[in-house]
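Colleague: I have a structure open on my screen and would like to go through it with you. Could you take my questions as they come?

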Amino acid sequence: MANATSTFNESFLAAFLEIAEAVKSEFGVYLQVAEILGKRWSFVAGEPEGSTFLPSKRLMLNEHLGLIAENWEVLPREKQEEILSVLREKLAVTRGM
């Protein structure tokens with residue numbers, strides 16, 4: 001689900017949503033992209049809520065965007081690094097932020 005008022009690069013968001021759906025299906029990990037506004041992280045796209053009440057993990061993608069992950073710890077370390085790397089590359093290529 002993407003925020004209708006979002007001005008983020010649609011190519012990046014499409015790639016993110018595809019990755020988020022695959023990660024949710026395979027590992028049960030819910031991902032969101034958030035715009036970083038000082039201390040506040042504002043929802044941009046992804047699953048609005050997950051299935052657990054565990055605290056979410058906040059991971060910086062760049063100085064403007066972050067990834068919020070629920071159940072991040074269940075992912076193997078290599079998969080965590082792969083997801084972050086792919087999303088950061090998509091941001092750099094699309095110049096979304």
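Colleague: What does helix H1 lie across?

Modeller: Helix H1 (residues 10-27) lies across E1, E2 and E4, and its direction makes about 140 degrees with E1. Helix H2 (residues 77-94) also packs on the sheet, where it touches E1, E3 and E4 and runs at about 150 degrees to E4. Axes here are lines fitted to C-alpha atoms, for helices over the stretch in contact, with angles from 0 to 180 degrees between N-to-C directions; contact means heavy atoms within 4.5 Å. Helices (H or I, at least four residues) and strands (E, at least two) are DSSP runs, numbered from the N terminus.

Colleague: Before we go on, where do these numbers come from?

Modeller: This is a predicted model, in which local features need pLDDT of at least 70 and side-chain atom pairs count only at pLDDT 80 or more, while totals for chains, interfaces and linings use all residues. Residues are numbered from 1 along each chain as its sequence is written, and side-chain values use heavy atoms, with hydrogens and water left out.

Colleague: Fine. In what order do the strands of the sheet come?

Modeller: The sheet is open and has four strands in the order E2-E1-E4-E3, paired antiparallel; two strands pair if DSSP finds at least two bridges between them. Strand E2 (40-46) and strand E3 (57-60) stand at the edges with a single partner strand each, so one side of each has no neighbour in the sheet. On average, and ignoring direction, neighbouring strands of this sheet are turned by 35 degrees against each other.

Colleague: And how many bridges join E1 to E4?

Modeller: Six bridges join strand E1 (residues 30-37) to strand E4 (residues 65-70), and the two run antiparallel. Within that pairing, Ala34 has Gly66 in E4 as its bridge partner.

Colleague: What about Ile68, which I keep clicking on?

Modeller: Ile68 lies in strand E4 and counts as buried, because its relative accessibility is 15%; buried means under 20% relative accessible area, exposed over 50%, and partly exposed in between (1.4 Å probe, protein chains only). Leaving out residues up to four places away in sequence, Ile68 touches Tyr30, Leu31, Gln32, Ala34, Trp41, Ser56, Lys57 and Arg58. The C-alpha atoms of Ile68 and Val33 are separated by 6.2 Å, although these residues are 35 apart along the chain.

Colleague: Back to H1: which of its residues are buried?

Modeller: The buried residues of H1 are Phe12, Leu13, Ala15, Phe16, Ile19, Ala20 and Val23. They cover an arc of only 160 degrees around the axis, so they are on the same side of H1, the arc being that of the directions from the helix axis to the C-beta atoms. On the other side of H1, Glu10, Glu18 and Ser25 are exposed.

Colleague: So what covers the buried residues of H1?

Modeller: The cover includes E1, E2, E4 and H2. Ala15, which lies in H1, is buried at 15% relative accessibility, and its C-alpha atom is separated by 9.4 Å from that of Val86, 71 residues apart along the chain.

Colleague: What happens at the ends of that helix?

Modeller: Asn9 caps the N-terminal end of H1, with a side-chain oxygen 2.7 Å from the backbone nitrogen of Ser11. That is a polar contact, meaning a pair of N or O atoms within 3.5 Å; within protein, one must be able to donate a hydrogen and the other to accept it, and residues adjacent in sequence count only if both atoms are side-chain atoms. Just after H1, Gly28 takes a positive phi of about 75 degrees.

Colleague: Changing topic, is Gln80 buried or exposed?

Modeller: Gln80, which lies in helix H2, is buried, with a relative accessible area of 9%. Its side chain reaches the backbone oxygen of Trp72 at 3.0 Å, and, not counting residues up to four places away in sequence, Gln80 touches Trp72, Glu73 and Leu75.

Colleague: And where is Asn71 found?

Modeller: Asn71 is in the loop between E4 and H2, and at 13% relative accessibility Asn71 counts as buried. Its phi is near 75 degrees, a positive value in a residue other than glycine.
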